[in-house]
Amino acid sequence: MRVAVTGATGTIGREVVRRLRERGDEVVVLSRDSAAARAKLGVDAFDWPRPEADPAPADALAGCDGVIHLAGSPIDQRWNDDGKRRIRESRELGTRHLVEGLRQADPRPKVLVSQSAEGYYPRGSERVREDSPPGTGFLSGVVQAWEAEALKAEELGMRVVLARSGVVLSREGGALAKMLTPFKLGVGGPVAGGEQPFPWIDVSDEAAALIFLLDTEAARGPVNVVAPEQHTNKTFTKVLGSVIKRPTVFPVPSLAIKMLFGEMGSTVTEGSNPDPSKLEQLGYTFNRPRLKDALRNQLA
């Protein structure tokens, strides 16, 4: 296959590109800095310097079999006015302009796998499936707008998959990398009581699932991309401490998180509980279904 990837230089994108190349696919990257992406990934790259303002380059997309869309400003930044604007525009407008590029591409790819987030759902321990109603608040609103733009590719005759991902665990970046310092210093612990759900997935499964959804004709619409083993913040903390052999006896109060991160702290003090049954019923088999194995793999 010939596959276009956005957000390819990020933690998930690098793993997706590596796996696609390993199986013999031709990879095309759309990047704000094509020269840097080409040097880092060793694949063909096209400039898309302003995803929030300009359509994706149609010549990069033409002739591709599918697209994996991962680009977007990081969620884990302080949610001041500028941060919120960057987060929303990079996802809503970036996806809108990707679809504009797809509209102009000839021949057009047949499938778009657009990464989304479990932030779509209401916060709480209740198990949620793809047909559950959305939550409220800033992050849920962003995800709803983001997904709505991706679904417009269906009007072009494309199959569209919305991969609602949990916390992606990788030694190379993201949430796990940020957690390690306090835990290694022995001052890690559960956050805000620790009873909130912690939907997680190993980066190897995240990348493999995205490619599986690209390949699987029956995959359409939203799909929860989280590991089947359920954890709360407290049980995740306990497992992480056991893997790195550090105590986890220093609880972090919700007030401290709010003071440190502002409104973004709600992503830490609250959580949702997505059910990955649809992904499994489509035929996906997890590489790392158990948290302890995933953390050992990442932290070996």
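You are looking at a predicted model, where local features need pLDDT of at least 70, side-chain atom pairs count only at pLDDT 80 or more, and totals for chains, interfaces and linings use all residues. Residues are numbered from 1 along each chain as its sequence is written, and side-chain values use heavy atoms, with hydrogens and water left out.

**Around Ser-34**

Colour helix H2, residues 34-41; Ser-34 lies in it. Helices here are DSSP runs of H or I with at least four residues, strands are runs of E with at least two, and both are numbered from the N terminus. Now show Ala-45, Phe-46 and Asp-47. Ser-34 touches these three, leaving aside residues up to four places away in sequence; contact means heavy atoms within 4.5 Å.

**The aromatic pairs**

Show the rings. The structure holds 5 aromatic pairs. Rings of Phe, Tyr and Trp (its six-membered ring) pair if their centres lie within 6.5 Å; planes under 30 degrees apart count as stacked, over 60 as edge-to-face and the rest as tilted.

- Select Tyr-120 and Tyr-121. They pair edge-to-face, with 5.3 Å centre to centre and 85 degrees between the planes. Tyr-120 and Tyr-121 are both buried.
- Move to Phe-198 and Phe-236. Their ring centres are 4.1 Å apart and their planes are at 20 degrees, so this pair is stacked. The pair links distant parts of the chain, 38 residues apart: Phe-198 sits in the loop between helix H6 (174-184) and strand S9 (200-202), Phe-236 in helix H8 (residues 233-244). Phe-198 counts as buried at 10% relative accessibility. Phe-236 is buried too, at 2%.
- Finish with Phe-212, Tyr-284 and Phe-286, which ring pairs link into a cluster.

**Zoom out**

Switch to cartoon view. The protein has 12 helices and 11 strands. Its C-alpha atoms fill a box of roughly 60 × 40 × 40 Å, taken along the principal axes. Colour by burial: buried residues make up 52% of the 300 residues. Among contacts between residues at least 6 apart in sequence, 78% join residues at least 24 apart.

Key
Buried means under 20% relative accessible area, exposed over 50%, partly exposed in between (1.4 Å probe, protein chains only).
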